[in-house]
Amino acid sequence: KHSGLLEALVTAYRSSGGLTQGLSSSMARVCVGSATQLATFSRSKELLTAANVTESEFGIVCMASVCSSIAVTCTMTPFDVVVTRMFNQKHGLYYDGFLDCIRKMYRHEGLYGFYKGTFAHFFRIGPHTLLTLTIWDRYRKWFL
């Protein structure tokens, strides 16, 4: 479809009015997601260890990862919905920015509108979080 990278970038710029559309909502999404993921994993791991749920350290890491996945899904889904809407519009056609998108979504759809696709998001983020945090935990144990 495109003869090269430069032509693809120019086409994308012209068709959407810019290359940074949705950037502010993406940055908020990453900040909230990372903070939630690490905080809930560490705290869940502490609570599960203290409750002596299982003697298997690997089992505790897996359970803490699942707890973290649920928390990440609940906090990131609204940002994902906003990011998707920002990226899918023609530049500034409907939403003037991140906060305008949130305001209009809430006014027209209520809180439910921010949680569209929650289960699909969980089935995407759950395995990712489980693998990432399990590998991160092993890495910390072995190398740090």
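I count two residues as in contact when they have heavy atoms within 4.5 Å. With that settled, here are my notes.

**Setting up.** I am working from a predicted model, where local features need pLDDT of at least 70, side-chain atom pairs count only at pLDDT 80 or more, and totals for chains, interfaces and linings use all residues. Residues are numbered from 1 along each chain as its sequence is written, and side-chain values use heavy atoms, with hydrogens and water left out.

**Asp137.** I began with Asp137, which is found in helix H5. For helices I take DSSP runs of H or I with at least four residues, numbered from the N terminus. Is Asp137 buried or exposed? At 3% relative accessibility, Asp137 counts as buried; the label buried means under 20% relative accessible area, exposed means over 50%, and partly exposed lies in between, using a 1.4 Å probe and protein chains only. Setting aside neighbours within four places in sequence, I found Asp137 in contact with Phe41, Lys45, Glu57 and Val61.

**Helix H5.** Next I checked the helix itself. H5 covers residues 118-143, and its 26 residues should span 38 Å at 1.5 Å a residue; the expected span is 1.5 Å times one less than the number of residues. Its end C-alpha atoms are 36 Å apart, which agrees. I also noted a kink of about 25 degrees at Ile125, shortly before the proline Pro127. That bend is the angle between axes fitted to the seven residues ending at a residue and the seven starting there. The buried residues of H5 include His121, Ile125, Thr129 and Leu133.

Why are Tyr139 and Phe143 about one helical turn apart? They are separated that way because they are 4 residues apart in helix H5. Tyr139 is partly exposed at 43% relative accessible area, while Phe143 is exposed at 58%. I also saw the charged end of Arg140 over the ring of Trp136, 4.7 Å from its centre. A charge sits over a ring if NZ of Lys or CZ of Arg is within 6 Å of the ring centre and within 35 degrees of the ring normal. Lys104 does this too, with its charged end over the ring of Tyr94, 4.6 Å from the centre.

**The cores.** Which residues make up the largest nonpolar core? I listed 10 residues, among them Ala28, Phe79, Met86, Phe98 and Phe114. Such a core is a set of buried Ala, Val, Leu, Ile, Met, Phe, Trp, Tyr and Cys residues joined through side-chain atoms within 4.5 Å. Helix H3 (57-88) and helix H4 (98-109) each supply at least two residues of this core, and the largest share, 4 residues, comes from H3. Beyond its neighbours within four places in sequence, Ala28 is in contact with Phe79 and Phe98. A second, separate core of 6 residues includes Leu48, Val61, Ala64 and Leu133.

**Last look: Asn52.** I ended in the loop between helix H2 (23-50) and H3, where Asn52 lies. Its phi is near 55 degrees, a positive value in a residue other than glycine. At 54% relative accessibility, Asn52 counts as exposed.
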